[in-house]
Protein chains: 2
Amino acid sequence: MDEHRVPTIYDVATACGVAPSTVSRAFSRPGRVNAETAARIRRVAEEMGYRANPLARALPTGRTSLLALVVSDVTNPFYFEIIRGAELAANAADYTLLVADVYESAVVERKALERALPLVEGVVLGTSRMSDSAIRVMAQQRPTVVLNRVLTGIPSVITDNARGTRRAMEHLVSLEHRSIGYVAGPEASWADGMRWRAMREAADTLDVRVQRFGPVAPTLAGGTEAAAAVAGSAVTAAVAYNDLVAIGLMRGLTASGLRVPRDVSVVGFDDIFGAELCSPMLTTVAAPLTALGRYAVQTLLAGMASRTPPQVRPALLPAELVVRESTAVRARRRRRPEAAEDK
Amino acid sequence: MDEHRVPTIYDVATACGVAPSTVSRAFSRPGRVNAETAARIRRVAEEMGYRANPLARALPTGRTSLLALVVSDVTNPFYFEIIRGAELAANAADYTLLVADVYESAVVERKALERALPLVEGVVLGTSRMSDSAIRVMAQQRPTVVLNRVLTGIPSVITDNARGTRRAMEHLVSLEHRSIGYVAGPEASWADGMRWRAMREAADTLDVRVQRFGPVAPTLAGGTEAAAAVAGSAVTAAVAYNDLVAIGLMRGLTASGLRVPRDVSVVGFDDIFGAELCSPMLTTVAAPLTALGRYAVQTLLAGMASRTPPQVRPALLPAELVVRESTAVRARRRRRPEAAEDK
DNA sequence: CACGCCACGACAAGCGGTTGCCACGACTTG
DNA sequence: CAAGTCGTGGCAACCGCTTGTCGTGGCGTG
């Protein structure tokens, strides 16, 4: 055997005086070969520095030990912890995670998937920009789990935003707010719909008024843009589509002379990195980011293991309200005259 | 051919009445087969929905079209743009990027590398925690490029922090600061050494005083921790190891009654996401994050293409000072009595 | 003691491409 | 017109591992 080559099962086999198939089974089929033989083979393999070639293994079996996680934008802080959680779960199961960034584009997403699909055993779609039908098509090529979206028949894991929203509302109501705004995100967003709906329901049961602003882009700029409308309205608190919007909103509000939380309370969603960097630090409905990633991968793995299609009911992970500095008791009077409904 | 199987070159070959090898060449060896034949093969392949199996291709050739990017911590905002840049460059060259997170651990890093190495054609090491020698060992298994670190003999791409530091110092001096602090990061950090050295050099030529604080952990908490020492000193401005430390420092300073930038100016490094979320928004030496990732991958690809080991001289990417709100003209007097060297 | 069974290992056929080499015909050239 | 060239396509041997199947020897059992 050439010194500069990496050893194969053939090298190990001749060194042990057994057949290559026996070496293969010594590793992958415990019990199939005599315990002593197996031990000897393993020892020799170890000495020779043998490592199974994952490519060669994958070719006949299709087991690449690779999973894909598709994210709409790697630079979005929302994903950092999700990626971390997914990677953790994948590695724990001896899988490697392939993170694909699709720059918020359905076209790029399709291309990335096309590139990665033959390589991976399963896919986690994080906030996919593709259509439901496109997702269904790809789900029948590879086991798939979707994040932050429900798609009947396809396993999904989502944050329990309804509960989170309710908690946020209760918090604001306990601070004596009676008129609360919602700065909406993209209309195409499934989460946006859920959040707004949950707000209206909470408003009903808590007997307060809610008012919708936007929709705006889910960015700092989007939030800033909405500030004028919020400032000009009667609301004394606002819940924003996500943390970025919330922070932008606080800025815009501050710029227009209002103080947060003194004049207006602000609540965000997700608790991304940055929520406690801003000042005032943002009160927000924290999504279980790491758990989301971890659980998505675990669900995927479970689905791959059992041949029967797994549970269809989406997994709901609990959201928690993190109270920081951007919410406070409603001031007796808003600085603006529009604050008409002071009791 | 079974309806539920994905077509192979063999299927295409029989459909075209040619040999499989011809089909293979029609795709990978342009010019090797007759133009008309090739066109016909491609058309038929297209109709059948043929896609080359990357695994099968990789086995004999070793060309997996996969590149690894190892980052010490995916949740560190420093990496977001780097990953984006790397992915962009990789995709442009028809490569897929495998991002491996190693949670700041040399052990995990080694394991991750062990897992990924046989799959990838090359590796970019972002702020590796491994020893120089360990890196050298792995560099001879696969083409390697290191980020933010120089290692003679191995191509590397780094930020021109010397220049950036000088710009920051010039900026502070132009704001009349004459006594400037540096809050140091981890001593093992190559960048930390470079930054401190550049500060001393700049101090020399600009004729101002510099003082070193720390070292502290490269986190918000680290910065906060250093605030007391900075507040208690005579410096009127501080440059921090990175943005996180800078933001932590601002907080600590504010908590101890000093105002930023009125009493103390603060400058960070890197311009991570978050630098303009905090308030005051941070003045910082912006690292060319996206370019760093992109260039690292391009360097790697270039090195893979030419069989000769590529340039050994590290690539220096320019850093730029981004002036925001955390720096201002030195106040006539610090609130603390220690501010003795007022002219 | 013969038969059958079981445990263990070997053989060989893939998995789906790639590629060195050869064959064959057409064309050029002396 | 013979010989050499070139353009094309086919053959078959890999790449390294998995796995269905078969052969063989040892053992238990009637």
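Through which surface do the copies meet, judged by the interface residues of chain A that are also interface residues in chain B? They meet through the same surface, because 100% of the interface residues of chain A are also interface residues in chain B; contact here means heavy atoms within 4.5 Å. The structure is a predicted model in which local features need pLDDT of at least 70 and side-chain atom pairs count only at pLDDT 80 or more, whereas totals for chains, interfaces and linings use all residues. Residues are numbered from 1 along each chain as its sequence is written, chains are lettered from A and ligands numbered from 1 in the order in which they are written, and side-chain values use heavy atoms, with hydrogens and water left out.

**View 1. The interface of chain A and chain B.** Chain A and chain B each bring 45 residues to the contact. About 3900 Å² is buried between the two chains, and carbon and sulfur atoms give 64% of that area. A:L55, A:R115 and A:L277 supply 18% of what chain A buries against chain B, more than any other three residues. Buried area denotes the accessible area (1.4 Å probe) that two parts lose on being put together, summed over both.

**View 2. The rotation axis relating the copies.** Chain A is superposed on chain B by a rotation of 180 degrees with 0.0 Å of shift along the axis, at an RMSD of 0.1 Å. That is the relation of a two-fold axis. The superposition is by least squares on the C-alpha atoms of residues with pLDDT of at least 70 in both copies. A:C278 is the residue of chain A that comes closest to the rotation axis, its C-alpha lying at 2.1 Å.

**View 3. The domains of chain A.** Chain A is assigned domain 1 (9-52), domain 2 (66-159 + 289-316) and domain 3 (160-287); such bounds come from an automatic or database domain assignment. The centres of domain 1 and domain 2 of chain A, taken over C-alpha atoms, are separated by 36 Å.

View 4. Of the atoms of DNA strand C that come within 4 Å of the protein, sugar and phosphate account for 51%. At least two residues of this surface are supplied by each of α2 and α4 of chain A and α1 (9-16), α2 and α4 of chain B. Helices (H or I, at least four residues) and strands (E, at least two) are DSSP runs, numbered from the N terminus. The surface divides into 11 nonpolar, 11 polar and 7 charged residues, where Ala, Val, Leu, Ile, Met, Phe, Trp, Tyr, Cys and Pro count as nonpolar, Asp, Glu, Lys and Arg as charged, and the others, Gly among them, as polar.

**View 5. Side chains of chain A at DNA strand C.** An N or O atom in the side chain of A:R32 is 2.5 Å from a base oxygen of DNA strand C.

**View 6. The protein surface near DNA strand D.** Among the 28 residues around DNA strand D, A:S24, A:R29, A:R57, B:T22 and B:R25 come nearest. Sugar or phosphate holds 55% of the atoms of DNA strand D within 4 Å of the protein, and the rest belong to bases. The largest share of this surface, 4 residues, comes from α4(A). Its residues divide into 11 nonpolar, 10 polar and 7 charged. Phosphate oxygens of DNA strand D are 2.5 Å from a side-chain N or O atom of A:S24, 2.5 Å from one of A:R57 and 2.7 Å from one of B:T37.

**View 7. Backbone details in loops.** A cis peptide bond with omega of about 5 degrees joins A:V260 and A:P261, and A:P261 is found in the loop between α11 (243-255) and β9 (265-270) of chain A. In chain B, the peptide bond from B:G214 to B:P215 is cis, with omega near 5 degrees.

Conventions. Near = heavy atom within 4 Å. Polar contact = N/O pair within 3.5 Å; in protein donor to acceptor, adjacent residues only side chain to side chain.
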